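This report describes a ligand site and several individual residues in a protein model. Please keep the structure in view while reading.

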Amino acid sequence: MKKKTLCALPRPVLIGLMGCGKSSIGRRLSKKLKMPLVDLDEVIVAKAGMSIPDIFAKLGEEAFRDMESAALAEHIKDRAILATGGGVVLREPNRRLLKAHPPVIWLKAAPEFLAERIAGDSNRPLIANQDTLERLRTLAAERYPLYEQCADLIIERDEATKDEIVSLIIQYLKKVQA
Ligand code: S3P
């Protein structure tokens, strides 16, 4: 019988609202699975040669969304774990791409949990100078249905530690690989 190796596991795409831990959980998964991590926000920043707040301030949100869509289309087929930005699900063509490339894993978390983690973060223009919790509640109302549409697996982020989540994801990847 052919032996299954960790690097043959399906490559997960992590989605969810800002602050749910897509990048940090992605980094832990990457170490455990010895699979590279592509962080779409980092790809965008490197390509644009400026920070995310600068892209929003100088070019506007639509330009950022164009860059995000281009980065997703370019990297969705990489042999890598993909950490996305929280707004990647807003555009329909992006959702189509996500659905066509399972497994997509939604790290679902309540606005109250996220607000504590990201309040005052100057690198996130969508919450700058606003009531973080209120803003996250609005984003959750808009986006939860979109995350749900795209997700093959939903993990309740606020009920587990990062290490537990990494284990759950690896268990799931092994199950769908079988
Ligand atoms: C955004 C989330 C950010 C980043 C940008 C827009 C969003 O990524 O892409 O600030 O629309 O929710 P994180 O989810 O990694 O914070």
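An oxygen atom of the ligand is 2.6 Å from an N or O atom in the side chain of Lys-22. Such a pair is a polar contact, meaning N or O atoms within 3.5 Å; within protein, one atom must be able to donate a hydrogen and the other to accept it, and residues adjacent in sequence count only if both atoms are side-chain atoms. The model is predicted, so that local features need pLDDT of at least 70 and side-chain atom pairs count only at pLDDT 80 or more, while totals for chains, interfaces and linings use all residues. Residues are numbered from 1 along each chain as its sequence is written, and side-chain values use heavy atoms, with hydrogens and water left out.

A polar side-chain atom of Asp-41 lies 2.7 Å from an oxygen atom of the ligand. For Arg-65, a polar side-chain atom likewise lies 2.7 Å from a ligand oxygen. The ligand taken alone exposes 390 Å², of which the protein buries 96%; these accessible areas come from the Shrake-Rupley method with a 1.4 Å probe, and for residues only the protein chains shown count as cover. There are 13 residues around the ligand, and those that come nearest are Lys-22, Asp-41, Arg-65, Arg-124 and Arg-143. A residue is near a molecule or strand if one of its heavy atoms lies within 4 Å of it.

Arg-65 is part of helix α4, which covers residues 61-75. Helices (H or I, at least four residues) and strands (E, at least two) are DSSP runs numbered from the N terminus. Because its relative accessibility is 6%, Arg-65 counts as buried; buried means under 20% relative accessible area, exposed over 50%, and partly exposed in between (1.4 Å probe, protein chains only). Setting aside residues up to four places away in sequence, Arg-65 touches Phe-56, Gly-87, Leu-90, Arg-91, Leu-126 and Arg-143. Contact here means heavy atoms within 4.5 Å.

Phe-56 belongs to helix α3, residues 52-59. With residues up to four places away in sequence not counted, Phe-56 touches Glu-61, Phe-64, Arg-65, Pro-125 and Leu-126. Phe-56 and Leu-126 are 70 residues apart along the chain, and 9.0 Å separates their C-alpha atoms.

## Other buried residues

Cys-20 is placed in the loop between β1 (13-15) and α1 (22-33). Apart from neighbours within four places in sequence, Cys-20 is in contact with Ile-15, Ile-25, Leu-107, Leu-114, Arg-117 and Arg-157. From Cys-20 to Glu-134 the separation is 114 residues in sequence and 16 Å in space, C-alpha to C-alpha.

Val-13 is found in strand β1. The contacts of Val-13, not counting residues up to four places away in sequence, include Ile-76, Leu-82, Pro-103 and Ile-105. Val-13 and Leu-82 are 69 residues apart in sequence, with C-alpha atoms 4.6 Å apart in space.

Tyr-172 lies in helix α8, residues 162-177. Leaving aside neighbours within four places in sequence, Tyr-172 is in contact with Pro-103, Asp-152 and Leu-153. The C-alpha atoms of Tyr-172 and Pro-103 are separated by 9.3 Å, and the two residues are 69 places apart along the chain.

The table gives relative accessibility for selected residues.

| Residue | Relative accessibility | Class |
|---|---|---|
| Cys-20 | 0% | buried |
| Val-13 | 3% | buried |
| Tyr-172 | 13% | buried |
| Phe-56 | 15% | buried |
| Lys-34 | 72% | exposed |
| Asn-129 | 82% | exposed |

## Backbone geometry

Most residues other than glycine have a negative phi, and most peptide bonds are trans. Lys-34 is not a glycine, yet its phi is positive, at about 50°. Lys-34 is located in the loop between α1 and β2 (37-39). Asn-129, also a residue other than glycine, has a positive phi near 55°. The loop that holds Asn-129 runs between α6 (111-118) and α7 (132-150).

Which residues does a cis peptide bond join? The bond links Pro-102 and Pro-103, with omega about 5°. Pro-103 lies in the loop between α5 (92-99) and β4 (104-108), and this residue is in contact with Tyr-172.
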